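User: I have a structure open and want to talk it through. Can we start with what you mean by a contact, then go over the model?

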Amino acid sequence: YLDEERWLRVALPAGRQGVLTQAALLTLTSNPTSTSPVKRGKWILESLLGDPPPPAPPNVPTLEATQKDNENMTLRQALELHRSNPSCASCHRVMDPLGLGFENFDAIGRWRTRDDTGGAIDAAGELPGGKRFASPKDLKAIIAARKDELARNLTEKLLGYALCRR
């Protein structure tokens, strides 16, 4: 940041590099008072990888309804129950692990080790295709390895911005 007349280097905590861990992005992909692994996963698919999931089918109960009906469940357990519906599973099996991998960051991007209920955060997961991760850092490395998709999507978005059209 700029300190009156000169730039100062600011050390970031471990795991706090890149776009995916910026507080603005983590806040954008959260609910007002809680995180949203679904929103975070969907944003990664749409905005970074250029592979948006299809719209939710009609008459499918929302995650909020699932949580309300099962108040003692953790967010991860509620997502697993939501994915047990075959019409939800096709998209959520991809979105949910991506979003849950960033659960160490709260709704405004602060690092945390405990969720809103006081339980330990479990940021580990497995993506379709069998790639496993144990932390946000591991997941970022998996996403970064998808260079072709990232480059294609970034180029498409920049060109769309430059031409003022999709």
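Analyst: Contact means that heavy atoms lie within 4.5 Å. With that rule, and not counting residues up to four places away in sequence, Ser36 touches Thr29, Ser30 and Asn31. Keep in mind that this is a predicted model.

User: Where is Ser36 found?

Analyst: Ser36 sits in the loop between α1 and α2.

User: Is Ser36 buried or exposed?

Analyst: Ser36 counts as buried because its relative accessibility is 8%, and the cut-off for buried is under 20%.

User: You listed Ser30 as a partner. What does Ser30 touch?

Analyst: Ser30 is found in the loop between α1 and α2 as well. Apart from residues up to four places away in sequence, Ser30 touches Thr35, Ser36, Lys39, Arg40, Asp106 and Ala107. Ser30 has a relative accessible area of 7%, so Ser30 is buried.

User: Let's zoom out. How many helices and strands are in the protein chain?

Analyst: The protein chain has seven helices and four strands. Along the sequence they come in the pattern β-β-α-α-α-α-α-β-β-α-α.

User: And what does the C-alpha trace span?

Analyst: About 55 × 40 × 30 Å along the principal axes of the protein chain.

User: What percentage of the residues is buried?

Analyst: Of the 166 residues in the protein chain, 34% are buried.

User: Now the inside. How many residues does the largest nonpolar core have?

Analyst: The largest nonpolar core has 23 residues. Leu20, Ile44, Leu98, Leu139 and Ile143 have the most contacts inside this core. At least two core residues come from each of α1 (23–28), α2 (37–48), α4 (75–83), α5 (86–100) and α6 (136–144).

User: Which helix gives the most to this core?

Analyst: α2 does, with five residues.

User: What is Val38 in contact with?

Analyst: Neighbours within four places in sequence aside, Val38 is in contact with Leu63, Leu79, His92, Met95 and Asp96.

User: Change of topic. How many aromatic pairs are there?

Analyst: The count comes to one aromatic pair. Phe105 and Trp111 form the pair, which is edge-to-face, with 5.1 Å centre to centre and 80 degrees between the planes.

User: Why is it called edge-to-face?

Analyst: The planes of Phe105 and Trp111 are 80 degrees apart, and planes over 60 degrees apart count as edge-to-face, so the pair gets that label.

User: Phe105 and Trp111: how does each count, buried or partly exposed?

Analyst: Phe105 counts as buried because its relative accessibility is 1%. Trp111 counts as partly exposed because its relative accessibility is 48%.

User: What about charges?

Analyst: The protein chain has 23 positive and 20 negative charges. Their mean positions are 4 Å apart.

User: Last one. What is phi of Cys164 near?

Analyst: Phi of Cys164 is near 60 degrees, a positive value in a residue other than glycine. Cys164 lies in the segment after α7 (147–163). With a relative accessible area of 72%, Cys164 is exposed.

Terms used
Residues numbered from 1 in each chain as written. Predicted model: local features only at pLDDT ≥ 70, side-chain atom pairs only at ≥ 80, totals over all residues. Heavy atoms only, no water. Core = buried A, V, L, I, M, F, W, Y, C linked by side-chain atoms within 4.5 Å. Buried < 20%, exposed > 50% of the residue type's maximum accessible area, 1.4 Å probe, protein only. Lys, Arg positive; Asp, Glu negative; His and termini not counted. Charge placed at Lys NZ, Arg CZ, Asp CG, Glu CD. Phe/Tyr/Trp six-rings, centres within 6.5 Å; stacked < 30°, edge-to-face > 60°.
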